[in-house]
Amino acid sequence: MKDTAKDAAATGPAPTGPLGVAVVGAGYWGPNLVRNFQSSTEFRLRWLCDLDVDRARQVLGGYSTVEATADYAAVLADPAVEAVAVATPAGTHLDVALAALRAGKHVLVEKPLAATYEDGLKLVREAEERGLTLMCDHTYCYTPAVGRIREMVRSGELGDIQFVDSVRINLGLVQKDIDVLWDLAPHDLSVLDFILPDHVQPVAVAAHGADPIGTGQSCVAYLTLQLSTGAIAHVHVNWLSPTKVRTTMVGGSKRTLVWDDLNPSQRVAVFDRGVDLTAPQEIGADERRDMLVSYRTGDMVAPALGEKEALRSMVEEFAAAIRTGRPALTDGRAGLKVLDILEAASRSLEFRGAVVGLRTER
């Protein structure tokens, strides 16, 4: 990780007023970014750029003073634009984001960071060399529920992490250009990276997929990650489920946590239940051959969570990273980790579930 003081110095004094920002892409996700940048006191939205200018104007509304344009060069040439948010298809992320970085702009990129790991690495290196903020919008990481989970995991409240089990299934839209892993798993993988302590890292992955309806790509997939501590994380994604499920279970040596994103009245539940193992040195000589396992049954607690839109928190984090020069919580390196796992999972699918090692430096 680069020296943050050096990074801040590279871009000059930290800006004090609202940061000028442009959004590129007025399709599915762009309007959400437009709304949150417009409502933020940290930013002033100056441009919405899209190849379809009429669509951009429709997103902005008839009374907006924000410029709508198809001329990306004009956006980058505007000295009032200090940051660019990229909400275009993943295949264009490299060109669009790289042009912004080379123009001296801080950059926010929708997930995934790029179409390939190598493309993502080019963006990370460019940002680091120029002392600019590169952030990946891993939206779920900025929900109150995931923020609380991160606190509990990293504080040791759950104990040592023994397993993570995540399910994201729905009767979803079958994509033409990517399989279900690349479509849905980035959410779960970004959350996993966000909540795990720094000393716990995925080291290898095995993936199994199926295409029961003949689309030419996996519509159902299971991903198993080996963690550096010997624990495992498992992700199940599915486009074909008639019911919608979004749950994550984080099992620790002290407590187990369940996050149900579809249960607004109790999104997070913490169970003081599990398995206790008596160490051999604590057992008499006659019993040492049989490790004593006992089951702990305690209370369930549902922590109170605040209500705040994830994208609003994400926008605030983008501003804070720009102003301080520190890496964003979901910076370019976090985006690289997700791409690394996805590419390894794709290789594993090709080899029928073979275990594929991850890069040691990401």
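**Close-up views of a predicted single-chain model**

**Overview of the chain.** Of the 362 residues in the chain, 48% are buried, and the coordinates shown here are those of a predicted model. The chain contains ten helices and 15 strands. Among its contacts with a separation of 6 or more, 67% are made between residues 24 or more positions apart.

**View 1. Strand 10 and the strands paired with it.** Strand 10, which covers residues 232–238, is largely enclosed by the rest of the structure because five of its seven residues are buried. Strand 7 (residues 161–171) pairs with strand 10 in the parallel sense, and seven bridges are found between the two; within this pairing, I169 has N238 of strand 10 as its bridge partner. Strand 9 (residues 220–227) runs antiparallel to strand 10 and is joined to strand 10 by seven bridges, with Q226 standing opposite I232 of strand 10. In a regular strand, side chains alternate between the two faces of the sheet.

**View 2. The hairpin of strand 9 and strand 10.** Four residues lie between the strands of this hairpin, and G230 adopts a positive phi near 100° in the hairpin. The antiparallel partners on either side, strand 9 and strand 10, share seven bridges, among them the one that sets Q226 opposite I232.

**View 3. The largest cavity and its lining.** The model holds three cavities of 30 Å³ or more, and the largest cavity has a volume of about 80 Å³. Its lining is formed by V164, S166, R168, D188, V191, L192, I195, A233, H234, V235, T248 and W259. By residue class, this lining of the largest cavity divides into seven nonpolar, three polar and two charged residues. Strand 7, helix 8 (180–195) and strand 10 each supply at least two of the lining residues, and helix 8 gives the largest share, with four residues. Strand 7 and strand 10, which both contribute to the lining, are also parallel partners over seven bridges.

**View 4. Helix 6 and its surroundings.** Helix 6 (residues 117–130) has 14 residues and reaches 20 Å from its first C-alpha to its last, close to the 20 Å expected at 1.5 Å a residue. The buried residues of helix 6 are Y117, D119, G120, L121, L123, V124, E126 and A127, and what covers these buried residues includes helix 5 (93–102), strand 6 (134–137) and helix 10 (332–350). Helix 6 is followed by G131, whose phi is positive, near 65°.

**View 5. The cis peptide bond at P112.** The peptide bond from K111 to P112 is cis, and its omega is near -10°.

View 6. R352 is found in the loop between helix 10 and strand 15 (356–357). The phi of R352 is near 55°, a positive value in a residue other than glycine. With a relative accessible area of 79%, R352 is exposed, since the cut-off for that class is over 50%. Helix 10, at one end of this loop, is also among the elements that cover the buried residues of helix 6.

Methods:
Residues numbered from 1 in each chain as written. Predicted model: local features only at pLDDT ≥ 70, side-chain atom pairs only at ≥ 80, totals over all residues. Heavy atoms only, no water. Buried < 20%, exposed > 50% of the residue type's maximum accessible area, 1.4 Å probe, protein only. Pairing = 2+ DSSP bridges. 1 Å grid on protein atoms, 1.4 Å probe; cavity = no way out; pocket = protein on both sides within 12 Å on 5 of 7 lines; lining within 4 Å. Points joined across faces, edges and corners; volume = space filled by probe spheres on them. Nonpolar A, V, L, I, M, F, W, Y, C, P; charged D, E, K, R; others polar. Expected span 1.5 Å × (residues − 1). Contact = heavy atoms within 4.5 Å.
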